[in-house]
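Subject: Structure for your review

Hello,

Here is the structure for you to look through. My notes come after it.

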Amino acid sequence: MEKSLAILFVDDDPLTRKVFAGVFGTEFTVVTAASAAQALEILATAVHEYAVVLTDFQMPGQDGVKLLKTVQRADAL
């Protein structure tokens, strides 16, 4: 079974996640995460292949740049 391409949108603000999913969810598969840790859990499940990971910069815990670097390293393995 082929995985569908999706967008992973990571932001700690629930309203921002809701608006993003509402705007782009009609054209794309949008998966949202409230934190970097949750995003990494979602990526580990491999339900979708993510064409785009879009993240907020400032979030509690791990910031967006560190998240993207972690994702980049994991993708290189």
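Predicted model: local features only at pLDDT ≥ 70, side-chain atom pairs only at ≥ 80, totals over all residues.

Core. The largest nonpolar core has 12 residues, among them Leu-8, Val-10, Ala-33, Met-59 and Leu-67. At least two residues of this core come from each of β1, β2 (29-33), α2 (36-45) and α3 (64-76). Ala-33, one of the core residues, is in contact with Leu-8, Phe-9, Val-10, Asp-11, Arg-17, Gln-38, Ala-39 and Ile-42, leaving aside neighbours within four places in sequence.

Asp-11 sits in the loop between β1 (5-10) and α1 (14-24). Asp-11 is buried but has no salt bridge. The nearest side chain of opposite charge is that of Arg-17, 5.5 Å away, whereas a salt bridge needs a nitrogen–oxygen pair within 4 Å. Not counting residues up to four places away in sequence, Asp-11 touches Thr-16, Arg-17, Ala-33, Ala-34, Asp-56 and Met-59.

Strand residue. Thr-55 belongs to strand β3 (residues 49-55). Thr-55 counts as buried because its relative accessibility is 18%, and the cut-off for buried is under 20%. Beyond its neighbours within four places in sequence, Thr-55 is in contact with Val-10, Gly-64, Leu-67 and Leu-68.

Surface patch. Leu-15, Val-19, Val-23, Phe-24 and Phe-28 make a nonpolar surface patch of about 460 Å². Val-19, in helix α1, has 45% relative accessibility and therefore counts as partly exposed.

Regards

Note on methods: Residues numbered from 1 in each chain as written. Heavy atoms only, no water. Helix = DSSP H or I, 4+ residues; strand = E, 2+ residues; numbered from the N terminus. Buried < 20%, exposed > 50% of the residue type's maximum accessible area, 1.4 Å probe, protein only. Lys, Arg positive; Asp, Glu negative; His and termini not counted. Contact = heavy atoms within 4.5 Å. Patch = residues over 30% accessible without salt bridge, like charges linked within 9 Å, V, L, I, M, F, W, Y side chains within 5 Å. Areas by Shrake-Rupley, 256 points an atom, 1.4 Å probe, with all protein chains shown as cover. Core = buried A, V, L, I, M, F, W, Y, C linked by side-chain atoms within 4.5 Å.
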